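Have the model open while you read.

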Amino acid sequence: MTESATPLRLIEETPGYWRVVFDYPPFNMLDAAVFQALQQVLARMDGSQSLRVVVFESANPDFYLAHFDLTGKTGNITTSVGPSGLPILADTFVRLTRSPVASIAKIRGCVRGASSEFVLACDMRFASRENTSLGQPEVGVGVHPGGGGTERLPHLVGRGRALEIVLGANDFDGETAERYGYINRSIPDAELDGFVDTLARRIASFDRRAVAAAKNLVNQVSLPSADRLLDALNSFQTALTWTEAQQRIEALLRRGLQEDREFERRWPSVLGSVLESGPAASRRDRQ
C-alpha cells in the first residue's frame, strides 16, 4: 500500500519494511511542513506492531534534504513541545533515535545543517559515493549546530574530526564521510538502492522484539542526554538573534540561497567570503 503526504511519501514495502521518500521541490528544504510530516510518520511507526525498519530517501537526486529553512518558514518547531517533552525540532530526532524501529538514511545529494542532524539521528547512513555532500555549515553562517550535530558527531567521528566538520563548515563527499565515520558506508551510486533494500529486507525478516531490544541496548551506551540536546537548541535559538548571524544569513539569501539551484548546490564553499560584495565576490559565486 502507498500513501501520499506532502512533503513526503510513505511506501509500505512489507508490513515490516517501509520507505519514506522526501519529495518537496525544489530543494527538499527542511521547514515546518517537513517536521509536521515526520511527526505523522513517527506516530504511524509508534502504532505499528509489525514494523522493523524504515528507510528514508529522496525523490530528488541532487538534494536529500537541503538544510534548515532560513527564510522563516519554520513555524514553532523550536518552541512547541512534542511527545518526548522536547521542542519539535529535537523531539523529532530523539523519537526517531529512540524508536524500537531501525532507521536507515539512504543518501543522495546535499545534506547540510539540520538535515545532516536528521541523518545523524537515523540508526544507519549509507550514501552515494559519487553524489553526496554532507556538512554542518552553521558556524560559517554565524551560528552553530542546534539539532544534535555537536552532540552526536563526536561519538561517531571523534573530537578532532567533529571540530573539523563543525568549525570548517564545509562539505564532505561520500568517501571522506565514510573514512571519518560520519556515515556507515559510501557505495557506488548504481549499487546503493540494491544494497539498502537487501539490508532492510534482511532486518525486516527478524523478530521485532530482538531488533528493538538490541537497538535499545546500543542506545543506552551511545546517545546524548536530552538535557544536552535542549541546551544546544536553546543556544542555537540565541545565536540566530546575533547581529553577525543575521548579516551572514541575509548575504546568503541575496546571493541566491534557496532560490538559485547552482548556488544551493555549492554555497558552503563561499562562506569564507560571504560578507564581501562587489565584482570579486560575484566572480567567485559564478565559479
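## The Pro-Pro spot

Pro-26 sits in the loop between strand 3 (17–22) and helix 1 (32–47); helices (H or I, at least four residues) and strands (E, at least two) are DSSP runs, numbered from the N terminus. The bond joining Pro-25 and Pro-26 is a cis peptide bond, with omega about 0 degrees.

A quick word on what you're looking at: this is a predicted model, where local features need pLDDT of at least 70 and side-chain atom pairs count only at pLDDT 80 or more, while totals for chains, interfaces and linings use all residues. Residues are numbered from 1 along each chain as its sequence is written, and side-chain values use heavy atoms, with hydrogens and water left out.

## The second largest pocket

(A pocket here is an open set of points on a 1 Å grid over the protein atoms alone, where a 1.4 Å probe fits, with protein on both sides within 12 Å along at least five of seven lines; lining residues have an atom within 4 Å of a point.) The second largest pocket holds about 160 Å³ of space, a volume being the space filled by probe spheres set on the points, which are joined across faces, edges and corners.

Its lining splits into 5 nonpolar, 3 polar and 3 charged residues. Ala, Val, Leu, Ile, Met, Phe, Trp, Tyr, Cys and Pro count as nonpolar, Asp, Glu, Lys and Arg as charged, and the others, Gly among them, as polar.

## The largest pocket

The largest pocket has a volume of about 290 Å³. Of its 17 lining residues, Cys-122, Asp-123, Val-218, Ser-222 and Leu-223 lie nearest the centre. Helix 8 (208–220) is among the helices that supply at least two lining residues each, and helix 8 gives the most, with 5. By type, the lining has 9 nonpolar, 4 polar and 4 charged residues.

## Two positive phi values

Most residues other than glycine have a negative phi. Gln-258, in the loop between helix 10 (243–255) and helix 11 (261–266), has a positive phi near 70 degrees.

Ala-169 is in the loop between helix 5 and helix 6 (174–180), and is buried at 4% relative accessible area.

Methods:
Buried means under 20% relative accessible area, exposed over 50%, partly exposed in between (1.4 Å probe, protein chains only).
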